[in-house]
Amino acid sequence: IAPYAIKVDILEKNGDGSVNLIEVKSGTSAKPAYLMDVGFQSWILEQLRVNVKNLYLMYANKMYVRSK
């Protein structure tokens, strides 16, 4: 949709033809800007007649400790 451009991190196709939009962030919590970003991406896809079923925000778990 001109003049907008998006770059989706993960677009997962569902069995019913819809898709799940997964936005991956390097932060450790959900921030308002992240939610606006995934919402904008969803809006663009819907304008292109893509059936977006679910929106997900994926971010780092600050409690994760890599085992040796």
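## Basis of the description

The structure is a predicted model, in which local features need pLDDT of at least 70 and side-chain atom pairs count only at pLDDT 80 or more, while totals for chains, interfaces and linings use all residues. Residues are numbered from 1 along each chain as its sequence is written, and side-chain values use heavy atoms, with hydrogens and water left out.

## Overall form

The protein chain contains 1 helix and 3 strands, where helices (H or I, at least four residues) and strands (E, at least two) are DSSP runs numbered from the N terminus. Following the sequence, these elements come in the pattern β-β-α-β. The radius of gyration of the protein chain is 14 Å, well over the 11 Å that the globule rule gives for 68 residues, so the chain is more spread out than a compact globule; this radius is taken over C-alpha atoms, and the rule is 2.2 Å times the number of residues to the power 0.38. Along its principal axes, the C-alpha trace spans about 45 × 30 × 15 Å.

Of the 68 residues, 22% count as buried, a term that means under 20% relative accessible area, with exposed meaning over 50% and partly exposed in between (1.4 Å probe, protein chains only). The accessible surface of the protein chain comes to about 5300 Å², and 56% of that surface belongs to carbon and sulfur atoms; such areas come from the Shrake-Rupley method with a 1.4 Å probe, and for residues only the protein chains shown count as cover. Among contacts in the protein chain with a separation of 6 or more, 60% are accounted for by residues 24 or more positions apart, contact meaning heavy atoms within 4.5 Å.

## The sheet

The 3 strands form an open sheet in the order S1-S2-S3, with mixed pairing; two strands pair if DSSP finds at least two bridges between them. Strand S1 (10-13) and strand S3 (52-58) are the edge strands, each of which pairs on one side only. Direction ignored, neighbouring strands of this sheet are turned by 20° against each other on average.

S1 and S2 pair in the antiparallel sense over 4 bridges, and leucine 11 has leucine 21 in S2 as its bridge partner. These two strands form a hairpin with 5 residues between them, and glycine 17 in the turn has a positive phi of about 90°. Strand S2 (residues 19-24) is joined to S3 by 6 bridges, and these two strands run parallel; valine 19, for instance, has valine 52 in S3 as its bridge partner. Since 5 of the 6 residues of S2 are buried, S2 is largely enclosed by the rest of the structure.

## The helix

Helix H1 (residues 32-47) lies across S1, S2 and S3, and runs at about 155° to S3; axes are lines fitted to C-alpha atoms, for helices over the stretch in contact, and angles run from 0 to 180 degrees between N-to-C directions. Serine 42 is placed in helix H1 and, at 7% relative accessibility, counts as buried. Apart from neighbours within four places in sequence, serine 42 is in contact with Leu21, Val52 and Leu55.

## Two residues of the strands

Glutamate 23 lies in strand S2, where glutamate 23 stands opposite leucine 57 in S3. With 4% relative accessibility, glutamate 23 counts as buried. A polar contact of 2.9 Å joins the side chains of glutamate 23 and glutamine 41; a polar contact is a pair of N or O atoms within 3.5 Å, and within protein one must be able to donate a hydrogen and the other to accept it, while residues adjacent in sequence count only if both atoms are side-chain atoms. Not counting residues up to four places away in sequence, glutamate 23 touches several residues, including Asp9, Asp37, Val38 and Tyr56.

Lysine 13 is placed in strand S1 and, at 67% relative accessibility, counts as exposed. Leaving aside neighbours within four places in sequence, lysine 13 is in contact with Ser18 and Val19. The C-alpha atoms of lysine 13 and alanine 2, which are 11 residues apart along the chain, are separated by 25 Å.
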